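Hello,

Here is the structure for your files. Please open it alongside this note; the findings follow below.

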Amino acid sequence: MIETPLVRKIAPPVAGLIFIALFVSLAFWQLDRAVEKQALLDLFERDAPYAEADNFDSLADFDRIRVDGRFQGSRQVLIDNIALDSRQGYYVITPFETSSNNELLLVNRGWIPKHRFEDGVPLIAVDQRRRTIYGLVGRLPGVGIRAGEAFEGSTAWPRVAVYPNLIDIATELESPVLPVVLLMSPDADGGFVRRWQPSTSGPMMHYGYAFQWFAMAAALLAILIWQIPKWQRLDTTTQ
């Protein structure tokens, strides 16, 4: 590597400016993420009427929808390892056959504690009369790494699963399912404990990251300014 006085003079400030630009761009990216998260929270908390769902592929998280159809209470899924108030329990996922095209919509009817059993059978029965259900568009609970298969053990219904995805449940049901999950409204009948919260971090975390990137950029700029006299002296000694 060729090192000359000119290189020693120019390389540090150029590298410093590049890193400053990088830190500032990362800070603004975090600010954009904060705005997105705030918009998502606003959407979750808005008090808007429930709209009839006609195109499930176009729905977004936290859209407020209503659907007409019937529950298929004979084939339900209990999602294990769901904690609430320091107690372990299940989310009750019940297929709902829509009246419009007989497709299956997975409905999260809420949380039940593990002790809510009678002779080992969970008390989650639901009648199959035609009804209109409503709630928020959501997703199944997920985990970063899942050990083993989602469904293991008994093939009887209801079936217990560990963080299944839509494909896992569709395979057990032997039928396709719609691409979203309905988080049943806490006001709707036929559900359990429902305290829906966004599964995403709030905007304050991103504001904190943005502040850190801005602080690093400011610190590096201060170092560059402090080094200016040194580079000027280097310039005079090389003349």
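First, a term: buried means under 20% relative accessible area, exposed over 50%, and partly exposed in between (1.4 Å probe, protein chains only). By that rule phenylalanine 214 is partly exposed, because its relative accessibility is 31%.

Now the ground rules. This is a predicted model, in which local features need pLDDT of at least 70 and side-chain atom pairs count only at pLDDT 80 or more, while totals for chains, interfaces and linings use all residues. Residues are numbered from 1 along each chain as its sequence is written, and side-chain values use heavy atoms, with hydrogens and water left out.

Overall fold
The protein chain has 3 helices and 10 strands. Both kinds are DSSP runs numbered from the N terminus (helices: H or I, at least four residues; strands: E, at least two). The order from the N terminus is α-β-β-β-β-β-β-β-β-β-α-β-α. Of the 239 residues, 37% are buried. Contact means heavy atoms within 4.5 Å. Among contacts with a separation of 6 or more, 67% join residues 24 or more positions apart.

Aromatic pairs
Rings of Phe, Tyr and Trp (its six-membered ring) pair if their centres lie within 6.5 Å; planes under 30 degrees apart are stacked, over 60 edge-to-face, the rest tilted. The count is 5 aromatic pairs. Phenylalanine 28 and phenylalanine 214 are edge-to-face, because their planes stand at 90°, with centres 5.4 Å apart. This pair links distant parts of the chain: phenylalanine 28 is in helix H1, phenylalanine 214 in helix H3 (residues 203-237), 186 residues apart. Phenylalanine 28 is partly exposed, at 45% relative accessibility.

Phenylalanine 71 and phenylalanine 96 are also edge-to-face, 4.9 Å centre to centre and 75° between the planes. Phenylalanine 71 is in strand E2 (residues 64-71) and phenylalanine 96 in strand E4 (residues 87-98), 25 residues apart. Both are buried. Separately, Phe19, Phe23 and Trp213 form one aromatic cluster.

Arginines
A charge sits over a ring if NZ of Lys or CZ of Arg is within 6 Å of the ring centre and within 35 degrees of the ring normal. Arginine 109 lies over the face of phenylalanine 71, 5.7 Å from the ring centre. Arginine 159 lies over tryptophan 157, at 4.0 Å from the ring centre.

Is arginine 131 buried or exposed? Arginine 131 counts as buried, because its relative accessibility is 9%. This residue is in strand E8 (residues 131-138). Beyond its neighbours within four places in sequence, arginine 131 has contacts including Phe71, Phe96 and Asp189.

Best wishes
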